[in-house]
Amino acid sequence: MKSNVNLRSVKATQAQLLRIVGSGKPPRNVVEMEFTPLICRQIMPFNTLNRYRSAKVSDRYSRSMAVGRFYNTGQAIIFGSDGTVLDGQHRLAACIKSGKPFTSLVVFGVNPAFRRYIDTNRSRSASDIFKLTLGIKHSNDTASACALIWKYDNLGVFESSGAGPSPDEMIRTVYETTPDIDDTVQQHADWYKIKSVKLPRSISTALHIVFRRADKTLADTFFSNLYNGEPCQHTDALRSILMASYADTLPVEFTYGGNKKTLRLALVIKTWNAFATNIPIQNLTFRPGDAFPEIVGIKEPLRRSHK
């Protein structure tokens, strides 16, 4: 089929796109075009045989589009030779949700039978992005800590079943706004080698950075006591509980439905609250149904149930 669309042009109009896709036999070629919410709604009916659409992914893309930080990276929207959408449904859905346009390469004419080979390679993780773009030594610890801080600042929780941040969001709103983050990550990597405390470095780094917002000196002293074993009623109690949590010897009053990450976050925060207010710890516990603790000394972000 000979198309009357000028595919040599740099831009393809929205009307041309619909004409190409709707023809049922689009030519095999590549163009660059701008997708608007209107055109995405009109294209969605052609998304007839695709994988399950993830709300987390489209929400993450949508946030980037809303602030004008979704770029044409060369990853194309792919249409099959039968006009169906083979790749790009999350970008199309994000455009509709954000109400903002985006520009992308568009590939036409791919054999629909090849959809089984699309997006089967390992995607780049946030840690990969931090290492490749910023050259960070402890990229995994840094990315994980930034994700926790972003969730706390934007969702009011450290853990959430909703959409997490994109690497760009973590870099722009957490990494670039925390001047001492590299030194803090390195400090916790060094402390972790002591093996006096079993606490994931991403959790300890994230909480250290957040606690510093309340009192930098106290936060530094708190974690120094915890890792270096300096005598302190608060951190001594926390250290023994954390070690027991890794040995699976915790009594039932310290369990939290089997979610050890939530348990450790809560116990560290409760210990910090007692330490920062100089109140002796009487009963350091966290059980299913307990309200997740607020952080003393910080103007809390929007609070939501901790899941």
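## Helix α10 and its ends

Just after α10, glycine 229 adopts a positive phi of about 75°. Helices here are DSSP runs of H or I with at least four residues, and strands are runs of E with at least two, numbered from the N terminus. The model is a predicted one, in which local features need pLDDT of at least 70 and side-chain atom pairs count only at pLDDT 80 or more, while totals for chains, interfaces and linings use all residues. Residues are numbered from 1 along each chain as its sequence is written, and side-chain values use heavy atoms, with hydrogens and water left out.

Helix α10 covers residues 216-228, and its 13 residues should span 18 Å at 1.5 Å a residue; the end C-alpha atoms are 18 Å apart, which agrees. The expected span is 1.5 Å times one less than the number of residues in the helix. At the start of α10, a side-chain oxygen of aspartate 215 comes to within 3.1 Å of the backbone nitrogen of threonine 217. The buried residues of this helix are Ala219, Phe222, Phe223, Ser224, Asn225, Leu226 and Tyr227. Buried means under 20% relative accessible area, exposed means over 50%, and partly exposed lies in between (1.4 Å probe, protein chains only).

## Salt bridges

The whole structure contains 11 salt bridges, each defined as a side-chain nitrogen of Lys or Arg within 4 Å of a carboxyl oxygen of Asp or Glu. Salt bridges with shared partners join Asp180, Arg212, Lys216 and Asp220 into one network.

Arginine 63 forms a salt bridge with glutamate 169, with 2.7 Å between the closest N and O atoms; arginine 63 belongs to helix α3 (residues 55-66) and glutamate 169 to helix α7 (residues 167-173), 106 residues apart. Arginine 63 is partly exposed, with a relative accessible area of 25%, whereas glutamate 169 counts as buried at 6% relative accessibility. Aspartate 153 forms a salt bridge with arginine 213, the closest N and O atoms again being 2.7 Å apart. Aspartate 153 lies in helix α6 (residues 139-155) and arginine 213 in the loop between α9 (201-212) and α10, a separation of 60 residues. Both partners are partly exposed: aspartate 153 has a relative accessible area of 32%, and arginine 213 has one of 41%.

## Nonpolar cores

The largest nonpolar core has 52 residues, and those with the most contacts inside it are Phe158, Leu207, Phe211 and Ile295. The elements that give two or more residues to this core are α6, α7, α8 (181-194), α9, α10, α11 (233-247) and α12 (260-276). A nonpolar core is a set of buried Ala, Val, Leu, Ile, Met, Phe, Trp, Tyr and Cys residues joined through side-chain atoms within 4.5 Å. Leaving aside residues up to four places away in sequence, leucine 207 touches Phe158, Phe223, Leu265, Val268 and Ile269, where contact means heavy atoms within 4.5 Å.

## Cysteines

A search of the whole structure finds zero disulfides, a disulfide being a pair of cysteine sulfur atoms within 2.5 Å. The cysteine sulfur closest to that of cysteine 40 belongs to cysteine 95, at 3.6 Å, too far for a bond. Cysteine 40 counts as buried, at 0% relative accessibility, and cysteine 146 also counts as buried, at 0%.

## Helix α6 and backbone angles

The 17 residues of α6 should span 24 Å at 1.5 Å a residue, and the end C-alpha atoms are 23 Å apart, which agrees. This helix is mostly covered, with 13 of its 17 residues buried. Glycine 156 follows α6 and has a positive phi, near 80°.

Asparagine 278 also has a positive phi, near 55°, in a residue other than glycine. Most residues other than glycine have a negative phi. Asparagine 278 lies in the segment after α12 and counts as exposed, at 63% relative accessibility.

Definitions and conventions:
Polar contact = N/O pair within 3.5 Å; in protein donor to acceptor, adjacent residues only side chain to side chain.
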